[in-house]
Amino acid sequence: MPRNSPNRRWRDKVRLSRPPRTHKTRTGGEHVVNAFAEKLELTKLSPEQFTQVLETLHMLGETGAGIELSSLETEVLVDVVQRASREQLKAIADHPELRSVFLDEIFRRMSDHFVPERARHVDFVVAWRFTDGDGEDGFDRFQTVIEDGVCVSSTDLARTPDTTITLSVDDFIRMATGNAAVAAMFVTGKVKVKGEYAPAVRFSGYFDIPKPSGS
């Protein structure tokens with residue numbers, strides 16, 4: 001893949017476009033939203049109640065209350081996804097605002113958990129297409145670029161992809177948090193790949209994602 005200056009400028013632009021982390025409200029050394037999420041009894045919540053809880057947390061974050069979904073530690077997020085039912089995760093995917101929030105949050109965390117040493121001499125662009133979206137042809141779209149030991153993701157689709165991966169948002173949430181057998185998702189057709197197959201298969205190996213509890 002070419003490493004010319006326009007590509008480098010693109011990478012820098014995406015880096016700078018990430019929202020800055022804000023000061024987090026903590027209780028007893030732990031962010032209050034993490035303690036709340038850990039104690040949440042998801043089995044007692046319907047999919048509608050589950051999304052209402054998430055809507056409330058997101059609303060509080062939007063009002064500057066210091067309690068936002070982005071404050072969830074990745075370990076806690078992974079555990080919440082593990083405990084959530086398929087119907088609850090599907091409710092997130094079907095909710096226009098929460099769908100966007102979760103996609104943005106997962107792609108932001110990709111950069112945080114990227115391990116450059118695992119991606120030496122690896123340069124490629126992955127295009128993501130999420131079904132039932134509002135974008136072109138009914139898809140929501142992102143790109144992830146791994147290049148020069150850096151991983152960045154954006155809705156900027158300026159790069160020509162080496163691989164295009166198509167799947168549902170709820171399956172992506174499960175896959176990205178280590179709560180799904182990736183190989184099985186490929187075999188069963190839940191994940192569709194167009195272009196080079198190797199980057200899609202190896203993609204998760206470039207990240208250090210916390211394991212779900214009990215794994």
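**Close-up 1. Lining of the second largest cavity in the predicted model.** The residues that line the second largest cavity of this predicted structure are Leu69, Leu72, Leu77, Val101, Phe102, Glu105 and Arg109, and the space within this cavity amounts to about 60 Å³. Helix α6 (residues 96-113) makes the greatest contribution to the lining, giving four residues. Divided by class, the lining of the second largest cavity holds five nonpolar and two charged residues, with no polar ones.

**Close-up 2. The largest cavity and the residues closest to its centre.** Two cavities of 30 Å³ or more are found when the whole structure is searched, and the largest of them has a volume of about 100 Å³. Its lining comprises 16 residues, of which Phe50, Leu54, Leu72, Val80 and Phe102 are the closest to the centre. The elements that supply two or more residues to this lining are α2 (32-39), α3, α4 (74-83) and α5, with the largest share, four residues, coming from α3. In the lining of the largest cavity, 16 residues are nonpolar, and none is polar or charged.

**Close-up 3. Crossing of helices α3 and α5.** The axes of helix α3 (residues 47-62) and helix α5 (residues 86-94) come within 9 Å and cross at roughly 50°, which means that α3 lies oblique to α5. The crossing in which α3 passes α5 is right-handed.

**Close-up 4. Residues in the contact of α3 with α5.** On the α3 side, Pro47, Phe50, Thr51 and Leu54 meet Glu87, Gln88, Ala91 and Ile92 of α5. By class, this contact consists of five nonpolar residues, two polar residues and one charged residue.

Technical notes: Residues numbered from 1 in each chain as written. Predicted model: local features only at pLDDT ≥ 70, side-chain atom pairs only at ≥ 80, totals over all residues. Heavy atoms only, no water. Axes fitted to C-alpha atoms, helices over the stretch in contact; angles between N-to-C directions. Parallel < 35°, antiparallel > 145°, perpendicular 65-115°, else oblique. Left-handed = near helix turned anticlockwise from the far one by under 90°. Contact = heavy atoms within 4.5 Å. Nonpolar A, V, L, I, M, F, W, Y, C, P; charged D, E, K, R; others polar. 1 Å grid on protein atoms, 1.4 Å probe; cavity = no way out; pocket = protein on both sides within 12 Å on 5 of 7 lines; lining within 4 Å. Points joined across faces, edges and corners; volume = space filled by probe spheres on them.
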